[in-house]
Amino acid sequence: MTATRVARDFPVSGDPWPVVDHWAEQQKFRMLSQDDGHRLYKKGGHMAGARMVDVTAAPSGMHLEAWGHSTVP
(Lines give C-alpha, C1' and ligand atoms only; values in the text may rest on other atoms or scores of the structure.)
Protein backbone atom coordinates (compact mmCIF):
# COMPACT_ATOMS: atom_id res chain seq x y z
CA MET A 1 0.00 0.00 0.00
CA THR A 2 1.36 3.40 -0.98
CA ALA A 3 1.22 6.14 1.64
CA THR A 4 -0.90 9.17 0.82
CA ARG A 5 1.18 12.31 0.74
CA VAL A 6 0.01 15.79 1.56
CA ALA A 7 1.81 18.45 -0.48
CA ARG A 8 1.92 22.22 -0.06
CA ASP A 9 3.74 25.00 -1.90
CA PHE A 10 4.25 28.42 -0.39
CA PRO A 11 6.36 31.54 -0.91
CA VAL A 12 9.25 32.41 1.40
CA SER A 13 11.64 35.28 1.73
CA GLY A 14 15.19 34.90 2.90
CA ASP A 15 16.91 31.68 3.96
CA PRO A 16 14.22 29.19 5.06
CA TRP A 17 16.54 26.52 6.51
CA PRO A 18 17.05 27.99 10.00
CA VAL A 19 13.25 28.06 10.47
CA VAL A 20 12.79 24.57 9.01
CA ASP A 21 15.60 23.13 11.15
CA HIS A 22 14.26 24.79 14.30
CA TRP A 23 10.76 23.43 13.65
CA ALA A 24 12.10 19.92 12.98
CA GLU A 25 14.14 19.97 16.19
CA GLN A 26 11.19 21.21 18.28
CA GLN A 27 8.94 18.50 16.81
CA LYS A 28 11.62 15.81 17.38
CA PHE A 29 12.18 15.01 13.71
CA ARG A 30 15.64 13.84 12.68
CA MET A 31 17.24 14.63 9.36
CA LEU A 32 17.76 11.58 7.12
CA SER A 33 19.27 13.32 4.12
CA GLN A 34 20.32 16.75 2.99
CA ASP A 35 21.61 18.22 -0.23
CA ASP A 36 21.49 21.59 -1.89
CA GLY A 37 17.91 22.83 -1.56
CA HIS A 38 16.42 19.63 -0.12
CA ARG A 39 15.99 17.93 3.26
CA LEU A 40 14.20 14.77 4.36
CA TYR A 41 13.09 14.34 8.00
CA LYS A 42 11.70 11.37 9.94
CA LYS A 43 9.95 11.05 13.29
CA GLY A 44 9.12 7.81 15.09
CA GLY A 45 8.92 4.45 13.41
CA HIS A 46 9.70 2.01 16.21
CA MET A 47 6.36 0.57 17.32
CA ALA A 48 4.21 2.92 15.28
CA GLY A 49 4.60 4.11 11.73
CA ALA A 50 7.10 6.84 11.02
CA ARG A 51 6.10 10.34 9.95
CA MET A 52 8.10 11.72 7.06
CA VAL A 53 8.56 15.32 5.91
CA ASP A 54 10.29 16.22 2.64
CA VAL A 55 11.19 19.90 2.13
CA THR A 56 12.53 21.43 -1.08
CA ALA A 57 13.55 25.06 -1.50
CA ALA A 58 13.57 26.84 -4.86
CA PRO A 59 13.72 30.48 -5.89
CA SER A 60 9.95 30.34 -6.42
CA GLY A 61 9.29 29.14 -2.84
CA MET A 62 9.09 26.03 -0.69
CA HIS A 63 7.57 22.65 -1.51
CA LEU A 64 6.67 20.48 1.48
CA GLU A 65 5.38 16.90 1.45
CA ALA A 66 4.35 14.88 4.51
CA TRP A 67 3.24 11.26 4.85
CA GLY A 68 3.11 8.32 7.19
CA HIS A 69 5.43 5.38 6.57
CA SER A 70 4.51 2.00 8.00
CA THR A 71 7.26 -0.34 9.14
CA VAL A 72 4.80 -3.27 9.18
CA PRO A 73 4.14 -5.11 5.90
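Mentor: Start with Phe10: its bridge partner in strand 5 is Met62. This is a predicted model, where local features need pLDDT of at least 70 and side-chain atom pairs count only at pLDDT 80 or more, while totals for chains, interfaces and linings use all residues. Residues are numbered from 1 along each chain as its sequence is written, and side-chain values use heavy atoms, leaving out hydrogens and water.

Trainee: What makes strand 1 and strand 5 a pair?

Mentor: Pairing takes at least two bridges found by DSSP. These two have 5 bridges and run antiparallel, so they qualify.

Trainee: Why are strand 1 and strand 2 said to stand at the edges?

Mentor: The open sheet has 5 strands in the order 1-5-4-3-2, with antiparallel pairing. Strand 1 (6-10) and strand 2 (30-35) each have a single partner strand, so one side of each lacks a neighbour in the sheet. Neighbouring strands are turned by 15° on average, direction ignored; axes are lines fitted to C-alpha atoms (for helices, over the stretch in contact), and angles run from 0 to 180 degrees between N-to-C directions.

Trainee: What does helix 1 touch in the sheet?

Mentor: Helix 1 (residues 17-26) touches strands 2, 3, 4 and 5, and its direction makes about 10° with that of strand 3. Contact means heavy atoms within 4.5 Å.

Key: Helices (H or I, at least four residues) and strands (E, at least two) are DSSP runs, numbered from the N terminus.
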